[in-house]
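Work through the exercises below with the sequence and the structure open. Try each task before you read its solution.

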Amino acid sequence: MTAHSRGCAPHPQELQQQGRWANLPPELLLDVIQRVEASEVEWPERRHVLACAAVCRSWRNITKEVVRSPEQCGQITFPFSLKQPGPRDHPIQCFIRRERATSTFCLYLGLTPSLQGQSDKLLLAAHKIRRATSANFVISLNPDDFSRASSTYIGKARSNFLGTKFTVCDGEPPHDAAVSSSNRSNRRIHSRQVSPRVPAGNYNIATISYELNILRTRGPRRMRCTMHSIPVSSVREGFSSTGLDESNAPVRINGEPLILKNKAPRWHEQLQCWCLNFRGRVTVASVKNFQLVAAADPSRHVSPAEQEKVVLQFGKIGKDIFTMDYQYPLSAFQAFAICLTSFDTKPACE
């Protein structure tokens, strides 16, 4: 079978250029990429690391070997980094900008929005679609394309009628070993796609539930997150989350899933309000503000320190601006999906 029968053949000039760069000695190439990776630790300068991966196949392979995961280095470099767990010892700090007119939400990397806005590193975007019986938050890499057929589609969060329960679905299996049972054909491989080898589907990776406030008592919302793709042992033994291949059903893991709950606030007598220590990252009181910690059964032998560790915090700092800080074992995609559920109206929970 010729190259033409399998698909479009590359231009001869392109092959010549790729060969020229690919013929660099591996030792020299490794040293160059290591220097670039070590020097460009923040965005937008870190785009030079991506440029190295885009030169040719040999450069891409070495770049992927050099660049470590967010869990190891605390950096987000490639699109697939958005579905890898964050670092263990400190959070990755992000912020969310809400556009009320278009019902879109954009996740950016960084402490706070820059004055210009152009230098903010966009990670993910979501569009809220209100239906008669539910609300959907469609998540994409592209803020201008939320089509499920697009190569930039990531997943979605879907609510029930009351907005008290949300199902977070990944557009692709949490791991390459999974095979979707969807009848959809494979999408085209795209440079920005997170996992290009598998077809689009709905993989239930998390369920977020909000407790009904029947007595209308004062206080923040109470939420509970069941992470179907993360075992509870991840916060005890320190290994990365694992998942299996069940489409349109909770992803199966070895062991019980990790349960997250919102950290209980304390009543401040002088301020006459419920308070949490957000360490300066939240400045505006809001019912949407929360911190999530592990809710482990005593039989799981999870230390008290691990149960007190905040793995995700979300809060308001200005009009339509919110901070989102996450760390292991959550990924940026999982954390963003959880925070999106807080934007939906929940009269029965407040």
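## Exercise 1: Confidence

Solution. The mean pLDDT of the protein is 79, and 75% of its residues reach 70 or more. Confidence is lowest in helix H1 (residues 3-6), at a mean of 44. It is highest in helix H9 (residues 332-341), at 97. Draw the working rule: where pLDDT is low, the predicted coordinates should not be read in detail.

## Exercise 2: The overall fold

Task: State how many helices and strands the protein has, and what share of its residues is buried.

Solution. Count the elements: nine helices and 14 strands. Then take burial: buried residues make up 45% of the 350 residues. Next, look at contacts with a separation of 6 or more; 58% of them join residues 24 or more positions apart. Finish with the surface. The accessible surface comes to about 18400 Å², and 51% of it belongs to carbon and sulfur atoms.

## Exercise 3: Two faces of a helix

Task: Decide which residues of helix H5 (residues 57-66) are buried and which exposed residues the face turned away from them carries.

Solution. List the buried residues of H5: Trp59, Ile62, Thr63 and Val66. Look down the axis of H5. The buried residues fall within an arc of 105°, so they line one face of the helix. Turn to the face away from this buried side. It carries the exposed residues Arg57 and Glu65.

## Exercise 4: Buried or partly exposed?

Task: Classify Lys156, Leu122 and Trp21 as buried or partly exposed.

Solution. Apply the cut-off: buried means under 20% relative accessible area, exposed over 50%.

- Lys156, in strand S5 (residues 153-159), has a relative accessible area of 14%, so Lys156 is buried.
- Leu122, in strand S3 (residues 121-130), has 23%, so Leu122 is partly exposed. Beyond four places in sequence, its contacts are Cys106, Leu107, Tyr108, Leu141 and Pro143.
- Trp21, in helix H2 (residues 12-22), has 44%, so Trp21 is partly exposed. With Leu24, Leu28, Val32 and Val55, Trp21 makes a nonpolar surface patch of about 390 Å².

## Exercise 5: Salt bridges

Task: The structure holds 12 salt bridges. Find the partners of Glu37, Asp320 and Arg281, and say which parts the last two pairs link.

Solution. Take Glu37. Its side chain meets that of Arg46 in a salt bridge (2.8 Å, N to O). Glu37 is buried at 15% relative accessible area, and Arg46 is buried at 0%.

Next, Asp320 pairs with Arg98, the closest N and O atoms being 2.8 Å apart. Asp320 lies in the loop between strands S13 and S14, and Arg98 in strand S1, so the pair ties together parts 222 residues apart in sequence. Both residues are buried.

Last, Arg281 meets Asp325 (2.7 Å, N to O). Arg281 is in the loop between strands S11 and S12, and Asp325 is in strand S14, 44 residues apart. Arg281 is buried at 10%; Asp325 counts as buried at 5%. To close, trace shared partners: salt bridges join Arg98, Arg100 and Asp320 into one network.

Definitions and conventions:
Residues are numbered from 1 along each chain as its sequence is written. This is a predicted model: local features need pLDDT of at least 70, side-chain atom pairs count only at pLDDT 80 or more; totals for chains, interfaces and linings use all residues. Side-chain values use heavy atoms; hydrogens and water are left out. pLDDT is the predictor's confidence in each residue, from 0 to 100. Helices (H or I, at least four residues) and strands (E, at least two) are DSSP runs, numbered from the N terminus. Buried means under 20% relative accessible area, exposed over 50%, partly exposed in between (1.4 Å probe, protein chains only). Contact means heavy atoms within 4.5 Å. Patches are made of residues with over 30% relative accessible area and no salt bridge: like charges are joined within 9 Å, nonpolar side chains (Val, Leu, Ile, Met, Phe, Trp, Tyr) within 5 Å. Accessible areas come from the Shrake-Rupley method with a 1.4 Å probe; for residues, only the protein chains shown count as cover. A salt bridge is a side-chain nitrogen of Lys or Arg within 4 Å of a carboxyl oxygen of Asp or Glu. The arc is that of the directions from the helix axis to the C-beta atoms.
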